[in-house]
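Open your viewer, get the selection tool ready and follow along stop by stop.

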Amino acid sequence: MSRHFGRIASAFCVVALSVLALVHMAQSCAEWDPPFADYSKHPDVPIEKFVQGNLGILQPSFARSYLVVAYRYLSGVPLAKDEQEAAQALWENRGIDPVNIFPDYYSGGGAAEDRQNPYMQTAQDDADGPKDWEAAHAQIVSSPGPRISQLQGLDNYGDYLNCSNDAFATAAATLKQRAATFGKEHPAVKEWIDAQDAVFANCGANPRKPVLPASPDSALPEILRYDREYQIAAAYMYSNRTAEAVKGFQHIAEEPNSPWHDLAPYLVARTMARGATLDDPGPGESRPGQPPHPPFDTEEMR
Amino acid sequence: MPTPVPRRRKFRLLVLFAVPVIFWGAWFHFAYSTVHRLAGPRLVYWAWERPENLQFLDPKTEGVAFLSSSVELLPDSVHIYPRMQPLYLPPGIQVVAVVRIYSHPASPAALNEHQFSETLQAVVNSTHLPNVAALQIDFDARESERAFYSRLLTELRRQLGPAYPISITALASWCIGDRWIHSLPVNEAVPMLFSMGPNEPLIRHYLASADTFPEPLCRGSLGISIGERWPNPIRSGTRVYVFHQQPWTQKDVEDIRSRIHRGM
């Protein structure tokens with residue numbers, strides 16, 4: 001009897017220990033998160049319906065961009081198709097997953113529409129400005145222009161778009177006009193290209209080593225002298241020499257005969273805004289004579 | 001004079017101790033033996049494309065994996081988005097550059113040579129950023145894209161050398177049944193235990209019963225999000241990457257530290 005009992009006990013121990021070896025820590029069945037989605041910062045998805053006027057339940061805690069759209073509809077001024085695309089592009093560029101914007105994203109319609117949205121970053125980046133400039137450049141000078149990076153890097157792991165597509169498109173259009181006026185072989189037109197290459201060299205180059213076009217020669221035709229003043233101011237702007245750029249554009253704004261007269265005041269403001277943005281010393285630090293930079297306001301960023 | 005122990009009894013005693021030991025050993029080997037994770041701090045914060053000030057982090061115990069660029073694979077081209085938002089870090093912290101690669105299911109990429117070289121270059125460029133000590137590739141590879149990513153990672157390993165730490169993010173399913181990542185030349189695969197989609201209940205059920213992954217590359221780390229359920233417990237040796245949908249605040253970080261310290 002006791003012998004059988006010992007065998008049974010031994011076998012039981014072997015089986016029990018073996019089974020226990022496979023048992024992990026017991027799991028409770030409690031759920032941690034509330035079983036509903038919190039849409040306190042944005043409307044319900046897909047957001048495409050919201051931008052079309054299907055507002056759902058509005059909350060004052062929505063991000064301002066959503067509240068602006070809601071305000072338009074509630075004021076009886078609905079968004080036009082063009083404005084809807086702009087709003088969608090804003091949200092997508094801010095990192096909202098397209099699958100949360102377009103209800104049919106995965107079935108094809110959303111992605112196709114996405115590509116045709118003229119406000120999308122991709123569409124803007126694929127615009128023809130740089131290509132136009134390369135083509136115009138190649139028509140005058142056989143050698144290719146210098147390789148240009150439109151982006152400038154910062155020392156906080158971020159980049160920014162220094163030279164936009166529109167800058168290249170404007171340069172290309174202006175070059176075509178000057179070549180038509182003076183002829184492709186005119187030395188002043190070739191000088192114009194050299195000066196513009198210098199301007200664009202600042203787009204992605206070390207801003208501590210600005211590349212400046214030569215000062216305008218008094219023998220240059222008047223319009224090309226005005227162009228050169230504009231090119232020099234632009235070179236200062238792209239190399240973050242804010243004070244010199246502002247001074248240059250202000251000078252152009254005061255010159256009624258300059259073809260850049262109307263654009264110059266805008267560029268003064270744009271240069272100042274860019275200067276203020278790039279002069280950000282980082283949280284907790286300060287420039288001489290200025291108060292410390294305030295810490296990030298997380299709510300503001302949201 | 002001592003009574004000699006019968007051989008059969010000796011054998012029974014041996015079995016009595018050997019069987020549980022074998023089971024325990026097998027379980028321990030399965031669960032703990034092969035740990036693939038990047039060297040460095042246990043707690044890593046993902047800093048995504050938004051302004052981030054993480055100067056309050058502790059460089060001795062915490063690291064940062066920041067989105068350095070995004071690569072969009074279009075049908076016939078590649079679009080590269082650099083980081084456009086500032087990131088402030090304490091000196092000496094471990095910095096991992098993350099490159100996100102994605103495509104659109106409705107308009108699949110051709111995955112041609114041009115796209116391969118552009119993508120590779122963008123990834124390599126991220127390793128040249130200041131203080132970057134490791135690289136992480138974040139992708140959602142569909143089956144048709146897996147050969148592309150395998151080749152990309154192989155070439156990346158060749159260019160960066162055998163010692164350079166390379167991490168990838170992985171869908172949880174890649175760590176359980178669909179283990180196509182097994183032979184990739186990477187140091188770790190971070191199972192993403194958030195935003196898991198329709199498979200979430202199955203994966204959470206699996207983790208509740210197994211608490212580790214069959215795929216060895218996935219055993220040393222995991223990715224969690226501040227707004228979703230975490231696996232419980234989190235092992236003390238696991239490298240934990242934490243995502244936040246919004247910019248990090250000191251309060252968020254302190255909350256994470258507290259929960260990780262408690263093993264949950």
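Just past helix α8 of chain A, select G183(A): its phi is positive, about 95°. Before going further, a word on reading this tour: residues are numbered from 1 along each chain as its sequence is written, while chains are lettered from A and ligands numbered from 1 in the order in which they are written. You are looking at a predicted model, in which local features need pLDDT of at least 70, side-chain atom pairs count only at pLDDT 80 or more, and totals for chains, interfaces and linings use all residues.

**Stop 1: helix α8 of chain A**

Helices here are DSSP runs of H or I with at least four residues, strands are runs of E with at least two, and both are numbered from the N terminus.

Now colour A167(A), F168(A), A171(A), A172(A), L175(A) and R178(A), which are buried. They cover an arc of only 135° around the axis, so they sit on the same side of α8(A). The arc is that of the directions from the helix axis to the C-beta atoms. Buried means that 20 or more other C-beta atoms lie within 10 Å of the residue's own; exposed means 12 or fewer, partly exposed is in between, and C-beta atoms are placed from the backbone. Turn to the other side of α8(A) to find D166(A), Q177(A), A180(A) and T181(A) exposed.

What do the buried residues of α8(A) pack against? Show α7 (129-140), α9 (187-201) and α10 (222-238) of chain A, and you have their partners.

**Stop 2: helix α7 of chain A**

Stay with α7(A): its 12 residues should span 16 Å at 1.5 Å a residue, and its end C-alpha atoms lie 17 Å apart, which agrees. Select G129(A), P130(A), W133(A), A136(A) and H137(A), the buried residues here. They cover an arc of only 130° around the axis, which puts them on the same side of α7(A). A135(A) and A138(A), on the other side, are exposed. The buried residues of α7(A) pack against α8 and α9 of chain A.

**Stop 3: a cis peptide bond**

Next, zoom to V45(A) and P46(A), joined by a cis peptide bond with omega of about 0°. P46(A) lies in the loop between α1 (2-21) and α2 (47-51) of chain A.

**Stop 4: strands in chain B**

Switch to chain B, which has six helices and 11 strands. Select β11(B), residues 239-243, where four of the five residues are buried. Two strands pair if DSSP finds at least two bridges between them. Strand β1 (residues 43-47) of chain B pairs with β11(B) in the parallel sense over three bridges, and Y45(B) stands opposite V242(B). Strand β10 (residues 221-225) of chain B also runs parallel to β11(B), joined by five bridges; look for G223(B) opposite Y241(B).

**Stop 5: two loop residues**

Finish at L111(B), in the loop between β6 (94-103) and α2 (113-127) of chain B. Its phi is near 60°, a positive value in a residue other than glycine. Then pick N131(B), in the loop between α2 and β7 (132-139) of chain B, where phi is near 65°. Most residues other than glycine have a negative phi.

Definitions and conventions. Contact = placed C-beta atoms within 7 Å. Expected span 1.5 Å × (residues − 1).
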